[in-house]
Amino acid sequence: MMDNFPFRPGHLDERLRLLQNLMLSVDSTTGIHFEMASFVDNSLLNKLFTHVISHVDSLGMNEQELPNLLSVLKGSNITILSDPYPRVANVLDQMRDVYHILNSQEVTSMHRRLTRLHVHTLAFQAIIIAKGSSWRNTMSATAKASLTANRHVCGSPNIDTSKAKLIMDDSFSVSREQGSKKIPLKENRPVSCWEEYDYEICVAPVLVCTEVYQTVGGGDNVSAASLVLQI
């Protein structure tokens with residue numbers, strides 16, 4: 001499913017149908033997670049929505065992939081350039097939009113309802129979990145994702161605070177809407193969780209590694225770390 005790869009005509013659709021059939025063969029009691037990548041091809045993203053995204057329970061992505069997916073869901077063109085350091089409120093509003101749009105689609109026996117959405121950014125981790133879903137330990141999962149981000153980039157199982165810094169603000173608004181509440185960052189309880197409508201949201205700051213060892217595979221490692229505690 002590589003973006004802008006010169007597939008022979010029909011080859012990509014063939015691959016996507018194979019993946020779709022594989023997901024349809026999975027028992028409905030088993031959750032399916034799909035990790036996004038830096039797709040900038042509108043056609044591919046639309047095909048992913050048809051063949052993949054509508055058949056998963058959980059989605060993972062970064063701060064650049066989130067607005068691209070949202071643009072496709074709203075029927076507009078994707079954004080080639082996006083804010084590399086988005087505010088928490090902006091990300092949460094975009095996550096809510098993706099969650100509501102995907103769950104407003106008619107769910108048939110062939111489709112699944114999105115019950116988990118994880119966005120990992122350089123500065124923080126954010127997870128939305130549907131109430132009553134099988135996903136558990138959301139606060140712990142968000143914290144583990146944050147710690148894994150530091151460990152992976154620094155290339156060490158230990159967290160060295162002398163080689164890390166916080167770039168998230170001391171407090172954040174839960175939405176861009178006027179009058180939205182602000183949540184302060186507490187040193188003794190840095191992961192913030194609250195409930196809205198039919199879902200729960202958790203946000204955790206990331207101790208950003210200042211002596212980079214590796215970045216490749218960061219998103220996959222962070223997403224996997226959080227999933228381990230939720231299945």
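These legends describe close-up views of a predicted model.

**View 1. The largest pocket and its lining.**
The largest pocket holds about 620 Å³ of space. Its lining is made of 25 residues. N62, H120, T215, G218 and G219 are the ones that lie nearest the centre. By class, the lining of the pocket counts 11 nonpolar, 10 polar and four charged residues.

**View 2. Y99 and Y199, an edge-to-face pair.**
Three aromatic pairs turn up in a search of the whole structure. In the pair of Y99 and Y199, the ring centres are 5.0 Å apart. The planes of these two rings meet at 65°, over the 60 degrees required, so the pair is classed as edge-to-face. Y99 belongs to helix α4 (residues 88-103), and Y199 belongs to strand β9 (residues 199-205). The pair therefore ties together parts that are 100 residues apart in sequence. Y99 and Y199 are both buried. Together with Y197, Y99 and Y199 form one aromatic cluster.

**View 3. F172 and W194, a tilted pair.**
The ring centres of F172 and W194 are 6.1 Å apart. Their planes stand at 40°, so this pair is tilted. F172 sits in strand β6 (residues 171-173), whereas W194 sits in strand β8 (residues 192-196). The pair therefore links parts that are 22 residues apart in sequence. Relative accessibility is 6% for F172, which counts as buried. W194 has 8% and also counts as buried.

D57 is placed in the loop between α2 (42-51) and β2 (58-62). Its relative accessibility is 11%. Buried means under 20%, so D57 counts as buried. The side chains of D57 and R112 are joined by a polar contact of 2.7 Å. A polar atom of the D57 side chain also lies 2.8 Å from the backbone nitrogen of I32. Not counting residues up to four places away in sequence, D57 touches T30, G31, I32, R112, R113, L114, T115, R116 and W135.

**View 4. T29, an exposed loop residue.**
T29 lies in the loop between α1 (11-24) and β1 (33-35). With a relative accessible area of 71%, T29 is exposed. The T29 side chain makes a polar contact of 2.4 Å with the side chain of D27. T29 and S134 are 105 residues apart along the chain. Their C-alpha atoms are separated by 9.0 Å.

**View 5. I159, a partly exposed loop residue.**
I159 is found in the loop between α5 (138-154) and β5 (164-165). The relative accessible area of I159 is 28%, so this residue is partly exposed. Beyond its neighbours within four places in sequence, I159 is in contact with L147, N150, R151 and L207. I159 and S76 are 83 residues apart in sequence. From C-alpha to C-alpha, I159 and S76 are 41 Å apart in space.

Note on methods. Residues are numbered from 1 along each chain as its sequence is written. This is a predicted model: local features need pLDDT of at least 70, side-chain atom pairs count only at pLDDT 80 or more; totals for chains, interfaces and linings use all residues. Side-chain values use heavy atoms; hydrogens and water are left out. Helices (H or I, at least four residues) and strands (E, at least two) are DSSP runs, numbered from the N terminus. Buried means under 20% relative accessible area, exposed over 50%, partly exposed in between (1.4 Å probe, protein chains only). Contact means heavy atoms within 4.5 Å. On a 1 Å grid over the protein atoms alone, a cavity is a set of points where a 1.4 Å probe fits but cannot get out, and a pocket is an open set with protein on both sides within 12 Å along at least five of seven lines; lining residues have an atom within 4 Å of a point. Grid points are joined across faces, edges and corners, and a volume is the space filled by probe spheres set on the points. Ala, Val, Leu, Ile, Met, Phe, Trp, Tyr, Cys and Pro count as nonpolar, Asp, Glu, Lys and Arg as charged, and the others, Gly among them, as polar. A polar contact is a pair of N or O atoms within 3.5 Å; within protein, one must be able to donate a hydrogen and the other to accept it, and residues adjacent in sequence count only if both atoms are side-chain atoms. Rings of Phe, Tyr and Trp (its six-membered ring) pair if their centres lie within 6.5 Å; planes under 30 degrees apart count as stacked, over 60 as edge-to-face and the rest as tilted.
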